[in-house]
Amino acid sequence: MGSSEKIALPPDPTESWWPYILATIVAIISMIRAYMGGKTYKSEKRLEGKVVIVTGANTGIGFEVAKDMASRGAQVVLACRNMALAQAAAAKIVKTCPAAHLDVRELDLASLQSVVDFVQQLPYSNVNILILNAGVVFHPFALTEDGFETHFQVNYLGHFLLTRLLVQTMCVTPGARVISMTSQSHFAADICLHDLNLQINYSARKAYGQSKLALLLMTRYLGLMLQDTNVNFLAVNPGLVRGTKHVSSSPVLRESLMIRLAMQPLMWMFMKSPKQGSQSVIYAALHPELDEIRGAYICDCNVSEPSTLATDKKLAADLFERSLSLVAAKAMAAGLSQVWKTEKNG
């Protein structure tokens with residue numbers, strides 16, 4: 001009987017391709033994530049002796065900005081509504097930056113009285129950088145204790161009063177900056193001066209967009225109004241950031257567990273991390289060339305063009321005057337007149 005011989009099959013050429021295919025896929029994903037993450041702002045600037053206030057500093061972008069400012073030697077005030085979460089955030093910062101100078105203080109933007117109390121209790125003679133970061137999103141219709149729609153007061157009017165109370169000091173502080181956190185949503189937003197609470201036709205998306213457009217209008221208006229003072233006003237669009245209330249509060253993601261699970265890989269790939277989202281804020285706070293650009297809108301560490309409505313000077317003036325009247329009682333109780341005066345223009 002003849003012996004049987006095993007026939008050797010030629011190697012499958014596709015087997016040797018798999019490592020290259022996987023490497024290519026990983027490289028493409030990495031490039032997409034790097035591109036969507038935007039620019040990283042690099043600066044060695046130190047901030048010893050500077051006071052930086054960050055509202056909503058206990059989480060997300062606010063936390064990352066507070067950590068960066070602390071690492072540069074600044075005295076950082078974490079202005080937060082929830083003191084337990086704020087203290088926990090401060091402890092995390094200290095772990096990475098043991099020499100951090102942190103001051104945790106209560107600030108509830110849903111209460112104008114809380115804003116007044118916060119400013120009156122500050123022990124600092126100067127404020128160098130004020131970052132208006134805190135906010136709510138997709139909140140069901142509700143009025144604050146002051147009678148204002150929640151998005152409008154927390155995102156905008158509370159910050160308007162905070163700026164109002166601090167601006168006189170900041171105007172005589174060399175290099176001072178006020179940075180407002182706006183959003184891409186301002187492009188589709190409008191200002192309902194006749195119904196700022198949106199009680200006639202409320203939607204959370206509309207209310208959120210209005211509040212962010214209002215912040216941008218305030219920024220541009222004050223940037224021009226106070227252009228002869230030391231303080232500059234800048235608005236930042238951080239981009240789409242995962243791990244924030246904007247994502248977790250999305251009506252689409254809340255309605256369906258399946259949609260939420262399906263969206264996780266896409267959010268991981270196409271959205272920024274809070275640290276990436278903080279880069280434009282840090283750029284706005286530190287970049288020296290912005291000293292001469294008043295009321296700028298910043299996106300991805302560049303000066304950009306906002307919506308047409310955001311450049312409407314009459315709308316900005318009308319909103320400004322209306323906002324002044326809405327906070328007038330609290331401002332006057334804090335010792336300020338109705339007129340927006342500074343050392344240089346008053």
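Residues are numbered from 1 along each chain as its sequence is written, and side-chain values use heavy atoms, with hydrogens and water left out. Because the model is predicted, local features need pLDDT of at least 70 and side-chain atom pairs count only at pLDDT 80 or more, whereas totals for chains, interfaces and linings use all residues.

The protein chain contains twelve helices and eight strands; helices (H or I, at least four residues) and strands (E, at least two) are DSSP runs, numbered from the N terminus. Of its 346 residues, 49% are buried, where buried means under 20% relative accessible area, exposed over 50% and partly exposed in between, for a 1.4 Å probe and protein chains only. Among contacts (heavy atoms within 4.5 Å) with a separation of 6 or more, 77% join residues 24 or more positions apart.

Strand β1 (residues 51-55) is mostly covered, five of its five residues being buried. In a regular strand the side chains alternate between the two faces of the sheet. In β1, Val 51, Ile 53 and Thr 55 point one way, Val 52 and Val 54 point the other way, and all are buried. Strand β1 runs parallel to strand β2 (residues 75-80), to which five bridges join it; two strands pair if DSSP finds at least two bridges between them. Within this pairing, Val 51 stands opposite Gln 75 of β2. Helix α2 (residues 60-71) carries the chain from β1 to β2 in a right-handed β-α-β crossover. A crossover is right-handed if, with the strands pointing away from the viewer, the path from the first strand over the helix to the second runs clockwise. Strand β1 is also joined to strand β4 (residues 129-132), again in parallel, by three bridges, and here Ile 53 stands opposite Leu 130.

Strand β4 is in turn joined to β5 by four bridges, and the two run parallel. Leu 130 has Val 178 as its bridge partner in β5. Together, β4, α5 and β5 form a right-handed β-α-β unit. From β5 the chain passes through α6 to β6 in a β-α-β crossover that is right-handed. The pairing of β5 with strand β6 (residues 232-237) is parallel and spans five bridges, with Ile 179 opposite Leu 234 of β6. Strand β5 is mostly covered, with five of its five residues buried. Arg 177, Ile 179 and Met 181 point to one side of β5, Val 178 and Ser 180 point to the other, and all are buried.

In helix α4 (residues 112-120), the buried residues are Leu 112, Ser 114, Val 115, Val 116, Phe 118 and Val 119. Their cover includes β1, β2, β3 (101-106), α5 (150-170) and α12 (313-333). Leu 162 lies in helix α5 and counts as buried, at 0% relative accessibility. Leaving aside residues up to four places away in sequence, Leu 162 touches Thr 55, Leu 107, Val 115, Phe 118, Val 119, Leu 130 and Leu 132. Leu 162 and Leu 112 are 50 residues apart in sequence, and their C-alpha atoms are 8.8 Å apart in space.

Most residues other than glycine have a negative phi, and most peptide bonds are trans. Leu 198 has a positive phi, near 55 degrees. Leu 198 lies in the loop between β5 (177-181) and α6 (204-225) and is buried, with a relative accessible area of 2%. Asp 300 also has a positive phi, of about 55 degrees. This residue is found in the loop between β7 (297-299) and β8 (302-304); Asp 300 is partly exposed, with a relative accessible area of 26%.

The second largest pocket holds about 170 Å³ of space. Of the 13 residues that line this pocket, Lys 45, Lys 50, Pro 174, Gly 175 and Ala 285 are the closest to its centre. On a 1 Å grid over the protein atoms alone, a pocket is an open set of points where a 1.4 Å probe fits, with protein on both sides within 12 Å along at least five of seven lines, and lining residues have an atom within 4 Å of a point. Grid points are joined across faces, edges and corners, and a volume is the space filled by probe spheres set on the points. The lining comprises seven nonpolar, two polar and four charged residues. Ala, Val, Leu, Ile, Met, Phe, Trp, Tyr, Cys and Pro count as nonpolar, Asp, Glu, Lys and Arg as charged, and the others, Gly among them, as polar.
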